[in-house]
Amino acid sequence: MSDRRDFFGKMLGAYAGLGALGALYAAKRTWDPLPSVKAGGFTTLDLSNMQENKLYVEKWRGKPILIIKVAKNSKPATAPNGNDKNAYDDKRLITVGGHKYMIVVGLCTHLGCIPDYFPEKNKFICPCHGGQFNAAGEVLKAPPPSPLVIPPFKITGTKVVLGEVGSEYKKLKEAGVVA
Ligand code: FES
């Protein structure tokens with residue numbers, strides 16, 4: 001009997017191990033880091049080789065930063081407000097080297113979980129309470145009370161320096177896009 005229990009225990013362990021490996025592989029497939037340089041609270045990201053509509057994850061001051069190069073022909077997930085239900089709030093996208101990017105702090109504005117990205121649906125779904133965001137970080141579905149936060153940034157060529165306040169960030173502030 002104990003042999004059988006050992007056998008089932010080992011099988012269960014092997015399945016759990018395979019599941020963990022699968023999860024790691026899936027995370028690696030969809031969460032590639034960008035070339036980055038970190039110094040003095042600033043993180044410089046090189047966006048030049050990013051693929052469209054793929055999630056990249058970086059870390060800035062201990063927080064996850066989610067970056068997506070928005071595909072030129074992408075169909076945005078439906079936004080909850082506004083007349084054009086198929087439009088992003090373009091103001092939230094950041095133009096670097098002629099391309100548009102979503103760059104946000106990857107913490108759900110409800111209670112701080114990290115939302116998962118579903119490229120085929122072009123949106124984020126929070127695993128904690130089902131909140132949803134589109135690929136510009138706008139709320140599609142409550143309970144998140146506000147969009148994903150855009151961190152302070154400065155653009156230099158095809159690079160973005162997180163933590164520095166550049167003129168493009170100031171413009172977002174003036175337009176009321178960031179607090
Ligand atoms: S923490 Fe994201 S929906 Fe609650």
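## Strand β2 and its partners

Strand β2 and strand β12 (residues 159-162) run antiparallel and are joined by 4 bridges; two strands count as paired if DSSP finds at least two bridges between them. Within this pair, Thr44 has Val161 of β12 as its bridge partner. The model is a predicted one, in which local features need pLDDT of at least 70, side-chain atom pairs count only at pLDDT 80 or more, and totals for chains, interfaces and linings use all residues. Residue numbers start from 1 along each chain as its sequence is written.

Strand β2 is also joined to strand β1 (residues 36-39), again by 4 bridges and in the antiparallel sense. Here the bridge partner of Val37 is Thr44 in β2. β1 and β2 make a hairpin with 2 residues between them, and Gly40 in the turn has a positive phi of about 55°. Which residues of β2 (residues 42-46) lie on its covered face, and which on its uncovered one? Thr43 and Leu45 are on the covered face, while Phe42, Thr44 and Asp46 are on the uncovered face.

## The chain as a whole

The chain has 2 helices and 12 strands. Helices (H or I, at least four residues) and strands (E, at least two) are DSSP runs, numbered from the N terminus. Along the sequence the pattern is α-β-β-β-β-β-β-β-β-β-β-β-β-α.

Of the 179 residues, 26% count as buried. A residue is buried if 20 or more other C-beta atoms lie within 10 Å of its own, exposed if 12 or fewer, and partly exposed in between, with C-beta atoms placed from the backbone. Among contacts between residues at least 6 apart in sequence, 51% join residues at least 24 apart; a contact here is a pair of residues whose C-beta atoms, placed from the backbone, lie within 7 Å.

## The sheet β3-β4-β6-β5

An open sheet of 4 strands has the order β3-β4-β6-β5, with antiparallel pairing. Its edge strands are β3 and β5 (94-96), each of which pairs on one side only. Neighbouring strands of this sheet are turned by 35° against each other on average, direction ignored. For such angles, axes are lines fitted to C-alpha atoms, for helices over the stretch in contact, and values run from 0 to 180 degrees between N-to-C directions.

β3 and β4 run antiparallel and are joined by 6 bridges. Tyr56 has Ile67 in β4 as its bridge partner. The loop between β3 (55-60) and β4 (63-69) holds Arg61.

## The sheet β7-β8-β9-β10

Another open sheet of 4 strands is ordered β7-β8-β9-β10, and its pairing is antiparallel. β7 (116-118) and β10 (139-141) are at the edges with a single partner strand each, so one side of each has no neighbour in the sheet. From one strand to the next, the twist averages 35°.

Strand β8 (residues 123-125) pairs with strand β9 (residues 132-134) over 3 bridges in the antiparallel sense. Phe124 is opposite Phe133 in β9.

## Backbone exceptions in loops

Most residues other than glycine have a negative phi, and most peptide bonds are trans. Arg61 is not a glycine but has a positive phi of about 50°. Arg61 counts as partly exposed because it has 13 C-beta neighbours inside 10 Å.

Asn122, also not a glycine, has a positive phi of about 60°. Asn122 is in the loop between β7 and β8, and its 19 C-beta neighbours inside 10 Å make it partly exposed. The peptide bond from Ala142 to Pro143 is cis, with omega near 25°, and Pro143 is in the loop between β10 and β11 (153-156).

Conventions. Contact = placed C-beta atoms within 7 Å.
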